[in-house]
Amino acid sequence: MNGSDYQDFSFIGGWLCLDFANTADGDINTDWTERLESYPHLVAWAQQAGALDDETAERLAQQAAQQPVAAAGALEQARRLRLTIYRIFSTIADERTPDAAELAAFNTALAAAMEHMQVQPRGDGFAWAWAGDSLERPLWPVVWSAAELLLSPEHHMVRECGGRDCSWLFVDTSRNHSRRWCDMKSCGNREKARSHYRRSKGDRV
Ligand SMILES: [Zn+2]
């Protein structure tokens, strides 16, 4: 399987964990279009995001083909993690404190991921590395990224797209902190057209 077989992903979040949350299109709470349709989609996403190297992705794809039930379970876990990450950062974007139950779910995922983090030799020094070919491996760097973002000052810059029926998250690094849309080409233009339409109708909204 080749990561480039699946092209339908966007990487506009600025952080791996936010790009992962953005694999659901539409309103993730109610009605969304799934971009992680199957386990190979999850692997392809992680590969394109730079969270899995090609050899590991290939091994995971083979493992998933041999263990379809376990792969379906890992995909289900990925979607649950996605919702947890979305809820935590959406709440932060709203300048509120995340729900204790969401943080507890996140910390459970973090503990599971950290079991696989090792220090390994790299060059003339050492580096953190993920060890093991579990089907959940694509999730570990995502969880780690979310933990790092929570601890980073950038968590104050997390925003949720202002587009109607869009719940994509991003870090607003614009100079005036004025970014409102996940993507100007999609949500931004759509909302502009909508407000133009309202003005032309004499509606002051
Ligand atoms: Zn949007």
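## Zinc site

C187 counts as buried, at 3% relative accessibility (buried means under 20% relative accessible area, with a 1.4 Å probe and protein chains only). C182 is buried as well, with a relative accessible area of 5%. Both cysteines coordinate the zinc ion through SG, as do C161 and C166, at 2.3 to 2.4 Å; donors are N, O and S atoms within 2.8 Å of the metal.

Along the chain, the zinc donors follow the spacing C-x4-C-x15-C-x4-C. The site is tetrahedral, with angles of 106 to 115 degrees among its four donor atoms; four donors count as tetrahedral if all angles lie between 85 and 135 degrees.

## Basis of the model

This is a predicted model, in which local features need pLDDT of at least 70 and side-chain atom pairs count only at pLDDT 80 or more, while totals for chains, interfaces and linings use all residues. Residues are numbered from 1 along each chain as its sequence is written, and side-chain values use heavy atoms, without hydrogens and water.

## Nonpolar cores

A nonpolar core is a set of buried Ala, Val, Leu, Ile, Met, Phe, Trp, Tyr and Cys residues joined through side-chain atoms within 4.5 Å. The largest one has 47 residues, of which C17, L18, F20, Y39, I85 and F89 touch the most other members. Among the elements that each supply at least two residues of this core are α1 (16-21), α4 (68-93) and β6 (169-171); helices (H or I, at least four residues) and strands (E, at least two) are DSSP runs, numbered from the N terminus. The largest share, ten residues, comes from α4.

Apart from this core lies another, of seven residues, including C161, W168, F170 and C187.

Notes. Donors are N, O and S atoms within 2.8 Å of the metal (3.2 Å for Na, K and Ca); water is not among the atoms, so sites may look incomplete. Four donors count as tetrahedral if all angles lie between 85 and 135 degrees; four count as square planar and six as octahedral if opposite donors are over 155 degrees apart and all others between 65 and 115; anything else is irregular. Buried means under 20% relative accessible area, exposed over 50%, partly exposed in between (1.4 Å probe, protein chains only).
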